[in-house]
Amino acid sequence: MAPDLVQRRFNPLEPNQVWSGDITYLPTDEGWLYLAGVLDLHSRQLVGWSMKANMQTDLVKDALAMAWFRRRPALGLIFHSDRGGQYCGHEFRDALGQWNIRSSMSRKGKCWDNAPTESFWGRLKAACIHGQKFATRRQAMDAVRFKASNKLGQIHRAGCTWLYPSTFFKRFSLGRLVAFFEALELQFGPIS
């Protein structure tokens, strides 16, 4: 088990400081479709995911790998999850170590310790399942991919209006770029 490094502080100041992960499932006529996701808690953007017919460790490792390769985070990243067997096992903890990611886990029996990811799953299920029945896992996968790629969910951040996670991330990144050039101008004069 890892300690709870997040302590319900779900609003990191920068991207790629704290990611959270969890598993959920969707019913299909073929059986359950399991989904593992990785959220960047800064923007609430889904940065990695995996979908499979089983809930083995590869499910969460694949989601983590996607997030890592998409974002290439700096040292110091914290990955927060519940105490599910997939996250506690040596295989997943070795993957975290391979990428120099620190593990953080919710306290025993405290589902609120991973509230942003649980909330994301609620929005996903409301968007994908509400009134729908999936004959196959493939149909459910396609619905999830469509919703996730079409800016599922909105967030509210202090000083912002309601924004999609990807919009929030782009504005944050653009703001940092503008500040960088302003600092250059202060030091070296106008850039022409």
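Predicted model: local features only at pLDDT ≥ 70, side-chain atom pairs only at ≥ 80, totals over all residues.
Five strands form an open sheet with mixed pairing, and their order across it is β3-β2-β1-β4-β5. At the edges stand β3 (45-52) and β5 (102-105); each has a single partner strand, so one side of each is left without a neighbour in the sheet. From one strand to the next, the twist averages 25°. In general, the strands of a sheet pair through backbone hydrogen bonds, in either a parallel or an antiparallel sense. For β4 (residues 78-81) and β5, the pairing is parallel and spans four bridges. Here Ile78 is found opposite Arg102 of β5.

α1 lies across β1, β2, β3 and β4, and runs at about 145° to β3.

The largest nonpolar core has 24 residues, and those that touch the most other members are Trp19, Leu64, Phe79 and Ile101. At least two residues of this core come from each of β1 (18-28), β2 (31-40), α1 (57-71), α2 (85-88) and α3 (90-98). The largest share is that of α1, which supplies seven residues. Another core lies apart from this one; it has 14 residues, including Leu35, Leu46, Trp121 and Ala140.

Phe79 deserves a look of its own. Leaving aside residues up to four places away in sequence, Phe79 touches Trp19, Leu64 and Ile101, and its other contacts include Val38, Tyr87, Phe92 and Leu96. Also among the residues that Phe79 touches are Arg102, Ser103 and Ser104.

Terms used
Residues numbered from 1 in each chain as written. Heavy atoms only, no water. Core = buried A, V, L, I, M, F, W, Y, C linked by side-chain atoms within 4.5 Å. Buried < 20%, exposed > 50% of the residue type's maximum accessible area, 1.4 Å probe, protein only. Contact = heavy atoms within 4.5 Å. Pairing = 2+ DSSP bridges. Axes fitted to C-alpha atoms, helices over the stretch in contact; angles between N-to-C directions.
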